[in-house]
Amino acid sequence: MPEDDPLAPRAFRTFNTFSEPSMPADETLQRLLTRARDLFARAEPDGPLVDETRLDRTTTERLDEIVPPPPWQPVLRDLAHSYAEWLAQPEVGSRVQVVALPPGGRDLIDAWTRAQALPVLEAPDRALLVDDPGPPAPDLSGEGVLVIPHLEEWFLRDAAGLDTIRALLAAIAGSERPVFVGCDSWTWAYLSKAADAAMLLPKPYTFQAYDGAHLQAWFGALTRTARAQGIRFRRVENGDDVFETEDDAPHDVFVRLAARSLGIPWVAWALWRASISDLHPNGDDESVPDIHDDDTFWIAPAPEHEVPDANRQSALLTIHALLVHGGLSPHLLSRVLPLPDTDSVVPALVAAGLVERSGEGDRTRLSVVPRAYPDVRAVLGDAGLPRDGI
């Protein structure tokens with residue numbers, strides 16, 4: 001692949017080199033102008049070509065045809081590329097490789113581990129971490145690279161829930177065996193302070209942020225078959241085809257998407273799918289044009305997520321606990337966050353689209369919705385709660 005190919009593999013880099021894509025300057029200016037219009041009650045600006053009230057959410061089945069999962073495919077290629085580079089390093093100091101990913105990246109690590117067919121050190125049942133005595137000391141013996149895919153599953157933010165992770169970190173630091181460690185970025189930030197993870201293990205690596213050019217190339221590849229069949233993706237404001245630009249610069253739809261998603265591919269993928277709509281018939285209203293109804297998807301920014309005002313402090317602490325642990329069962333969430341109103345806060349967060357449930361029964365897991373992650377990260381920062389390093 002040529003070096004300037006946006007889909008070419010890119011090596012992972014350390015945290016301090018991660019740079020979130022920025023929002024175009026005109027976006028900030030436009031927001032200021034909009035506020036000024038509202039404040040001084042000036043004439044309304046021209047409306048969009050297609051009124052958003054005429055948009056219907058595209059079905060999941062249809063989205064899976066035009067923008068199929070998985071949401072992290074290009075990062076999987078980047079990770080494989082970086083892993084090969086790591087194996088080629090002869091230095092003793094490179095014996096341990098830590099990869100820290102923003103929330104939502106655990107499936108990526110699992111897929112990469114399966115593809116590599118490497119031995120895995122599974123975490124103990126989290127409920128056992130607070131027992132006395134707790135799980136036995138981890139055994140890192142053996143030959144070849146050992147993978148610890150989810151460091152976040154080895155601890156609980158509890159007085160009795162850090163002994164196992166401390167033993168594991170010490171074992172990794174003292175082992176002669178090559179070890180590949182996967183970790184949630186919020187977990188790494190917490191363990192660096194609570195268990196000296198940053199002192200015992202080398203600096204973590206993460207993917208390079210995906211900017212507008214990379215997102216346009218990726219989504220363009222995903223929709224190539226549909227577009228070859230005559231389907232177009234048009235912006236609701238003016239009907240522009242977002243995959244057709246006059247020069248090599250990416251369409252501003254993807255530039256804004258990159259900034260809003262913080263450059264995280266699986267977040268951008270979720271926001272992109274949420275922005276795709278069908279146009280329902282205009283009925284008797286002939287003043288509204290039907291433009292390529294049968295072969296056009298309309299692109300409108302996905303709405304932002306808001307934390308419920310009721311029990312807001314409890315809601316923020318609940319979200320923060322889920323991020324620090326990379327997701328938790330309802331029972332363990334109550335253990336690490338003994339708030340009297342947790343049982344009522346969680347359903348409100350689920351209804352608001354901020355938290356999702358997966359699994360059933362004892363395997364139920366609560367986690368932050370990838371699409372909502374940029375919004376909750378900003379809210380947590382505004383509230384003064386500690387955040388991850390990327």
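**Exercise 1.** Decide whether D158 is buried or exposed.

*Solution.* The relative accessibility of D158 is 17%. Buried means under 20% relative accessible area, exposed over 50%, and partly exposed in between, with a 1.4 Å probe and protein chains only. D158 therefore counts as buried.

The model is predicted: local features need pLDDT of at least 70, side-chain atom pairs count only at pLDDT 80 or more, and totals for chains, interfaces and linings use all residues. Residues are numbered from 1 along each chain as its sequence is written, and side-chain values use heavy atoms, with hydrogens and water left out.

**Exercise 2.** Place D158 in the chain and find what it touches.

*Solution.* Start with the elements: helices (H or I, at least four residues) and strands (E, at least two) are DSSP runs, numbered from the N terminus. D158 sits in the loop that runs between β4 (146-148) and α5 (163-174).

Next, take contacts, meaning heavy atoms within 4.5 Å. Leaving out residues up to four places away in sequence, D158 touches V130 and R335. The side chains of D158 and R335 make a polar contact at 3.0 Å. Such a contact is a pair of N or O atoms within 3.5 Å; within protein, one must be able to donate a hydrogen and the other to accept it, and residues adjacent in sequence count only if both atoms are side-chain atoms.

Last, compare sequence and space: V336 is 178 residues from D158 in sequence, yet their C-alpha atoms are 6.0 Å apart.

**Exercise 3.** Describe how α12 and α14 cross.

*Solution.* The axes of α12 (residues 312-325) and α14 (residues 342-351) come within 10 Å and cross at roughly 75 degrees. Axes are lines fitted to C-alpha atoms, for helices over the stretch in contact, and angles run from 0 to 180 degrees between N-to-C directions. Because 65 to 115 degrees counts as roughly perpendicular, α12 is roughly perpendicular to α14. On α12 the contact is made by S314, A315, T318 and I319, and on α14 by V345, V346 and L349.

**Exercise 4.** Which residues of α4 are buried, and what covers them?

*Solution.* In α4 (residues 106-116), the buried residues are L108, I109, A111, W112 and T113. Their cover includes α3 (73-87), β3 (96-101), β4, β5 (179-184) and α11 (265-275). Just after α4, A117 has a positive phi of about 55 degrees.

**Exercise 5.** How many helices and strands does the chain have?

*Solution.* The count is 15 helices and 11 strands. Of the 390 residues of the chain, 48% count as buried.

Note on methods:
Parallel < 35°, antiparallel > 145°, perpendicular 65-115°, else oblique.
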